[in-house]
Every structure is written in C-alpha cells, then in structure tokens.
Amino acid sequence: MHSPTRNSCQVYIEDPEIKAMSDLRKSLEANDIRKFERTIRDKKNKIAEESFLMTYIEPLRRRMQEQVLLSITVPYKKITLLNLAIDLNLNVPEVNELLCALILDGKTWVGQVGSRLSGNHFSIS
C-alpha cells in the first residue's frame, strides 16, 4: 500500500480549490466573516458553483454570523441593530432574525427598545 509522502501532498497545497477550503477553515476559526464571504465569492476557487459544497456553506455561514454577533456584543451593555448589521454585512431585519434565534436557543438575552438593544449580558455559549 502506497502512503502519500510530504512531497506528493505538497503539489495540492497551492491548488485554488484546496487553498479556498483551507481559507474557509481559517476564517471560521478566526471568526473573520469578511474573509469567509470573500473566499466564497472568489470565482477562481469555484466554491459558489459547487452545489454540494453550498449545502454545507449556508449552515457554516449562519454559525459564523452567530459567533461573530455574540463576540461583537460581549463588551457592550447597549448596541444598535444598525451597528451590528454593518459589522455582519447584513441588513437590520436579518440581524433581528439572527438575534431572535439566539435568544430562543438560550445563547443570549437582550431587550429591545426601538432599534437599540440592551441586556444584562451578552454571553457566548
């Protein structure tokens, strides 16, 4: 049985599709939503064209949005939906929907007055 050597695997490291998957993983680990989206939109790596991958990308995108939203809100007692929307590159209704899902899942608690959020805590769980 032939085991791959370091040199035989090295050939694939600069393959655009392999590099794109590696970039996606790194952006997930770093909560870098902008790099994540940029990698998906890059036509050279063909991720957006691959329907199989896109079925997994959407849940990953949602998970990343949740993680970034929670990490953004940690230092604040009050924050506006508009500020969150800008940071997440979403519109205000999408941020509102995301927050509602997090509240229902018990991942955070916030109160809303107009378009301003306030809470005793914004926690990551």
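Modeller: What follows takes the terms one by one and sets the computed values against their cut-offs.

Biologist: What kind of model is this, and which elements does the protein chain contain?

Modeller: This is a predicted model, and its protein chain holds six helices and three strands, which run α-α-α-α-β-α-α-β-β from the N terminus on. Of the 125 residues in the chain, buried residues make up 31%, and 51% of the contacts with a separation of 6 or more are between residues 24 or more positions apart.

Biologist: Why is glutamine 65 called buried?

Modeller: Glutamine 65 has a relative accessible area of 10%, and buried means under 20%, so glutamine 65 counts as buried. This residue is found in helix 4, residues 51-73, and, leaving aside residues up to four places away in sequence, glutamine 65 touches Ile33, Leu88, Leu90 and Leu98.

Biologist: Why are lysine 19, asparagine 31 and lysine 46 called partly exposed?

Modeller: Partly exposed is the range between the buried limit of 20% and the exposed limit of 50%. Lysine 19, in helix 2 (residues 16-30), has a relative accessible area of 37%; asparagine 31, in the loop between helix 2 and helix 3, has 29%; and lysine 46, in the loop between helix 3 and helix 4, has 42%. Each value lies in that range, so the term partly exposed applies to lysine 19, to asparagine 31 and to lysine 46.

Biologist: What makes helix 4 roughly perpendicular to helix 6?

Modeller: The axes of helix 4 and helix 6 come within 11 Å and cross at roughly 85 degrees. Roughly perpendicular covers 65 to 115 degrees, so helix 4 is described as roughly perpendicular to helix 6. At this crossing Arg62, Gln65, Glu66, Leu69 and Leu70 in helix 4 meet Glu97, Leu98, Leu99, Ala101 and Leu102 in helix 6.

Biologist: How do you know that the buried residues of helix 3 line one face of the helix?

Modeller: In helix 3, Ile33, Phe36, Glu37, Thr39 and Ile40 are buried. Seen down the axis of helix 3, these buried residues fall within an arc of 160 degrees, so they line one face. What covers the buried residues of helix 3 includes helix 2, helix 4 and helix 5.

Biologist: Which residues of helix 5 are buried, and why are they said to line one face?

Modeller: The buried residues of helix 5, which spans residues 81-88, are Leu81, Leu84, Ala85 and Leu88. Down the axis of helix 5 they fall within an arc of 100 degrees, and they therefore line one face of the helix. On the other side of helix 5, Leu82 and Ile86 are exposed, a term that requires over 50% relative accessible area.

Biologist: What makes a group of residues a nonpolar core, and how many residues has the largest one?

Modeller: The term asks for buried residues of nonpolar kinds that are joined through side-chain atoms within 4.5 Å. The largest nonpolar core has 23 residues, and those with the most contacts inside it are Phe36, Leu69, Leu84, Leu88 and Val95. Helix 2, helix 3, helix 4, helix 5 and helix 6 are the elements that give two or more residues to this core, and helix 4 gives the most, with six residues. Leucine 69 touches Leu84, Leu88, Leu98, Leu99 and Leu102, again not counting residues up to four places away in sequence.

Definitions and conventions
Residues numbered from 1 in each chain as written. Predicted model: local features only at pLDDT ≥ 70, side-chain atom pairs only at ≥ 80, totals over all residues. Heavy atoms only, no water. Buried < 20%, exposed > 50% of the residue type's maximum accessible area, 1.4 Å probe, protein only. Helix = DSSP H or I, 4+ residues; strand = E, 2+ residues; numbered from the N terminus. Arc of directions from axis to C-beta. Contact = heavy atoms within 4.5 Å. Axes fitted to C-alpha atoms, helices over the stretch in contact; angles between N-to-C directions. Parallel < 35°, antiparallel > 145°, perpendicular 65-115°, else oblique.
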